[in-house]
Amino acid sequence: MVIEKICCIGAGYVGGPTCSVIALKCPEVKVTVVDKNKERIKQWNADKLPIYEPGLDKVVKECRGKNLFFSVDVESAIEEADLIFISVNTPTKTCGNGKGRAADLKYVESVARLIADVAAGDKIVVEKSTVPVKAAESIMNILRANQKPGVSYQILSNPEFLSEGTAIDNLLNADRVLIGGEETKEGQLAIEKLCWIYEHWIPRSKILTTNTWSSELSKLAANAFLAQRISSINSLSAVCEFTGANVSEVAKAIGTDTRIGNKFLNASVGFGGSCFQKDILNLVYICECLNLPEVAAYWQQVIDINEYQKSRFTSKVIESLFNTVTDKRISILGFAFKKDTGDTRESPAIYVAKTLLDEGAKLNIYDPKVEHAQIFEDLTYATGSKEYVKERVSLFPNAYSATEKTHAIVVCTEWDEFITLDFRKIYDGMMKPAYIFDGRMILDDEKLSKIGFHVHTIGKRN
Ligand code: NAD
Ligand code: UGA
């Protein structure tokens, strides 16, 4: 019954934190996290980890070298493991059938082929990556078509629900753990083995077991529902700005209905992150393939409203600055897709910055955690010109220096430190009239107006 060795393929935002917590809670289990990216593994073995996540350093330091290992030797880790997590990236396809919508399963498939190649004993293979419904069938087909004598496979779906910035807390205190598997005796036994791992710290009542397809679909559904709430409140933020209703008051009024609940109702410049858009596009694509165009159109709207929100916010910045930002210096506060992470994947800040650069603006950018090289890389990719970005974008070590002599401040990430800035001091150092566009509703707009700022807050007629 007992699992002695776990291998996790993919040392990213999911594989790293998830397996560190498993190692912490299951000291008798050897956990090896592997990746083909040598640099990333080097960082996992160094003092400065490759990702910033509150609480992660402590967990890694406690387990690393004891029962938690990071390695590039993927084959050996597969060979010795009883249970293998596939935790590789599943980005949106950029070419071929389903381009721009379907999930690209090339990394998952190459891992499945490697497992089939290397495995010499029984393996439980667990999909941790977010995949389309029925992906487990493809993995199973690859594994069983290449099965060697004396080897047997069980495939489980165990999607991850952590959010970046709160990953360790989410893993330690998960709302639920979801495990899907085959409804055969062997399938149920494999489910029990994975349950045994989680039961080291998660109460059994919070471990849900389902069939494989329900588990795969539930992950896409959960992200679609979460993103849908944001698009719903963001759509109403536009109504608020035209009518004088205040979106925070509306969110509170509807969120106190226990049937609706108060979480995920913060209007914003738009949602970002590596998953919401990717997973909803994937869901839309699946619906289209199943000939369910009405369902596809329904979920597509969640993405469309998000695009509308980003563009609406950025247009407001340009219109307010007398319809031209050419050669104006604008300060962007926050570049990560949310606070408490250094991750910029699909960050709305990239959209805002790119649009302002396209309009000829010069940008001063500050983010407490995002690496400077990452900002340059993202903007070079977005604009297509390294030289233009180098010439027009300056990066700063704090919000005060980033805002000096600028015409406007655009808040793109809700970092706590922005709330307590000395805005009187900032105002004094800025060009006049001085503007603030709060894309996260974190600042006290009345106080800022009293100082002299022209303020625009999402979801409020300022
Ligand atoms: P990531 O890009 O941070 O990490 C994936 C890692 O897999 C990379 O380091 C890459 O080098 C490695 N990899 C790819 N192919 C490999 C191979 N053949 N052999 C060895 N290593 C390989 O991605 P992530 O954010 O950790 O996401 C992983 C999966 O988890 C995705 O499917 C994502 O949708 C899902 N997910 C992500 C989050 C999140 O918050 N980021 C949350 C829940 C689920
Ligand atoms: C999200 C889900 O919350 C996780 O459950 C899921 O595991 C993960 O995606 C995934 O599959 O990758 P994450 O993207 O890390 O997690 O972060 P969220 O807290 O969900 O925020 C996503 C985006 O929505 C951020 O840009 C955030 O600022 C924005 N957001 C969030 C809002 O604009 N308003 C809100 O009320 C909440």
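UniProt positions are given in the numbering used here, feature names are shortened, and annotations may be inferred rather than shown by experiment. Residues are numbered from 1 along each chain as its sequence is written, while chains are lettered from A and ligands numbered from 1 in the order in which they are written. The model is predicted: local features need pLDDT of at least 70, side-chain atom pairs count only at pLDDT 80 or more, and totals for chains, interfaces and linings use all residues.

**Figure 1. Confidence of the predicted model.** The chain has an average pLDDT of 97, pLDDT being the predictor's confidence in each residue, from 0 to 100. A score of at least 70 is reached by 100% of the residues. For the complex, the predictor gives an ipTM of 0.98 and a pTM of 0.97.

**Figure 2. Cys275, annotated as an active site.** An unreviewed UniProt entry places the feature "active site" at Cys275. This residue is found in the loop between α10 (247–255) and α11 (276–289); helices (H or I, at least four residues) and strands (E, at least two) are DSSP runs, numbered from the N terminus. Cys275 is buried because 24 other C-beta atoms lie within 10 Å. A residue is buried if 20 or more other C-beta atoms lie within 10 Å of its own, exposed if 12 or fewer, and partly exposed in between, with C-beta atoms placed from the backbone. Not counting residues up to four places away in sequence, Cys275 touches Thr130 and Asn223; contact requires C-beta atoms, placed from the backbone, within 7 Å.

**Figure 3. The surroundings of ligand 2.** Ligand 2 is surrounded by 20 residues, and Cys275 is among the closest, together with Asn266, Ser268, Phe271 and Gly273. A residue is counted as near a molecule if its C-beta atom, placed from the backbone, lies within 6 Å of it. Helix α9 (residues 212–243) gives the most to this shell, with three residues. By class, the shell holds 10 nonpolar, seven polar and three charged residues. Ala, Val, Leu, Ile, Met, Phe, Trp, Tyr, Cys and Pro count as nonpolar, Asp, Glu, Lys and Arg as charged, and the others, Gly among them, as polar.

**Figure 4. The surroundings of ligand 1.** Around ligand 1 there are 26 residues, the closest being Gly10, Gly12, Tyr13, Ser129 and Thr130. Helix α5 (residues 106–118) supplies the largest share of the shell, three residues. The shell comprises 10 nonpolar, 11 polar and five charged residues.

**Figure 5. The nonpolar cores.** The largest nonpolar core has 70 residues, and Ile332, Leu333, Val352, Ala353, Leu363, Val410 and Cys412 touch the most other members. Such a core is a set of buried Ala, Val, Leu, Ile, Met, Phe, Trp, Tyr and Cys residues joined through C-beta atoms within 7 Å. Neighbours within four places in sequence aside, Ile332 is in contact with Ala349, Val352, Ala353, Leu363, Ile365, Val410 and Cys412. A second, separate core of 61 residues includes Val29, Ile139, Tyr153 and Val177.

Figure 6. Asn323 and Asp327 lie in the loop between α12 (293–320) and β9 (329–333). Phi is positive in both non-glycine residues, near 65° for Asn323 and about 60° for Asp327. Asn323 is exposed, with 9 other C-beta atoms within 10 Å, and Asp327 is exposed, with 10. In the loop between α18 (423–429) and β13 (435–438) lies Pro433, where the peptide bond from Lys432 is cis, with omega near -5°.

Methods
Contact = placed C-beta atoms within 7 Å.
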